[in-house]
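Subject: Structure for your attention

Dear colleague,

Please find below the structure that I am handing over to you. My notes on what was found in it follow directly after.

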Amino acid sequence: MSPLAASIEGIGVLGPGLPDWTVTARVLTGAAPWEVLATAERQVSPIRFHNSVHNAPAGYWGIATGATAPANSLCAHDASFGAGLLEALCQVAVEHTRVLLIAYDASYPEPMRSVRPIPDAFGVALLLAPGANGPSLARLELSFRDAPADRMADAALESLRASIPAARCLPLLAQLARGVPGRVLIDYLDGTRIALEVSACP
């Protein structure tokens, strides 16, 4: 069986102190400091409860842009980014088409907020393609390992990675920002990690 693989044609990031991919790449390579200020946790209005449904953004996107392409929505607790990436790579392999993976987290309304606090909003987007037909940033190949997930060397960025499920992508983004081949392990289900071989596109 062929490995699950795809080319990355685009990256988007939005998080605390990380307004876009250009700034994020500089922070993750150490070329710029991460000077995010501690702020009071924002309260979520009860009238926004309907927006806490995890497929609401896909619906809003389809309505706002008139997009009619199918959209999947899934959640897997702390493994959500890994599960989404696995699903997206499967779609790329089976349908031989581009897939936009978007992973995000925002603070939940009560009573979920008390059970699972999310300290800040964070989102990442990867445009994945079956081949290197266009300009590509890197190539990913996925397998599974039982080794520990990679952590961020910077303590503040590690806290961000550990506290927001979508931010579990940070080790992968750091590898992509460095622009060199390597292996990244990210969280998946208990006892299993997703290993991503990052290489330059041919």
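Which residue in β4 stands opposite Ala 6? It is Leu 140 that stands opposite Ala 6. Please keep in mind throughout that this is a predicted model.

I begin with the overall composition. The secondary structure of the protein chain consists of six helices and six strands. Along the sequence, these elements follow the pattern β-α-α-α-β-α-β-β-α-α-β-β. The protein chain has 202 residues, of which 40% count as buried. Its accessible surface comes to about 11200 Å², and carbon and sulfur atoms account for 59% of that surface. Among the contacts in the protein chain with a separation of 6 or more, 69% are between residues 24 or more positions apart.

The pairing of the strands may be described next. Strand β1 covers residues 4-14 and strand β3 covers residues 122-129; the two run antiparallel and are joined by seven bridges. Within this pairing, Gly 10 stands opposite Leu 127, and Leu 14 stands opposite Gly 123. Strand β1 also pairs with strand β4 (residues 138-145), in the antiparallel sense and over five bridges; the Ala 6 and Leu 140 positions mentioned above belong to these strands. Strand β3, for its part, pairs with strand β2 (residues 99-105) in the antiparallel sense over seven bridges. There, Val 99 has Leu 128 as its bridge partner in β3.

How many residues of strand β1 are buried? Nine of the 11 are buried, so β1 is largely enclosed by the rest of the structure. Strand β3 is mostly covered as well, with six of its eight residues buried.

Seven of its nine residues are buried, so α6 is largely enclosed by the rest of the structure. The buried residues in this helix are Leu 170, Pro 171, Leu 172, Leu 173, Ala 174, Gln 175 and Leu 176. After α6 comes Gly 179, which has a positive phi near 70°.

I turn now to the interior. In soluble globular proteins, nonpolar side chains tend to be buried together. The largest nonpolar core here holds 48 residues, and those touching the most other members are Phe 81, Leu 85, Phe 122, Leu 128, Leu 172, Leu 173 and Leu 176. Helix α3 (residues 80-95) gives the most to this core, with seven residues. Leu 172 deserves a separate look: leaving aside its neighbours within four places in sequence, it is in contact with Phe 81, Leu 126, Leu 140, Val 184, Leu 196 and Val 198. Leu 140 in that list is also the residue opposite Ala 6.

Which residues make a nonpolar surface patch of about 300 Å²? Leu 100, Ile 102 and Tyr 104 make this patch. Leu 100 is found in strand β2. Is Leu 100 buried or exposed? Its relative accessibility is 51%, and because the threshold for exposed is over 50%, Leu 100 counts as exposed.

Yours sincerely,

A colleague

Key
Residues are numbered from 1 along each chain as its sequence is written. This is a predicted model: local features need pLDDT of at least 70, side-chain atom pairs count only at pLDDT 80 or more; totals for chains, interfaces and linings use all residues. Side-chain values use heavy atoms; hydrogens and water are left out. Buried means under 20% relative accessible area, exposed over 50%, partly exposed in between (1.4 Å probe, protein chains only). Helices (H or I, at least four residues) and strands (E, at least two) are DSSP runs, numbered from the N terminus. Two strands pair if DSSP finds at least two bridges between them. Patches are made of residues with over 30% relative accessible area and no salt bridge: like charges are joined within 9 Å, nonpolar side chains (Val, Leu, Ile, Met, Phe, Trp, Tyr) within 5 Å. Accessible areas come from the Shrake-Rupley method with a 1.4 Å probe; for residues, only the protein chains shown count as cover. A salt bridge is a side-chain nitrogen of Lys or Arg within 4 Å of a carboxyl oxygen of Asp or Glu. Contact means heavy atoms within 4.5 Å. A nonpolar core is a set of buried Ala, Val, Leu, Ile, Met, Phe, Trp, Tyr and Cys residues joined through side-chain atoms within 4.5 Å.
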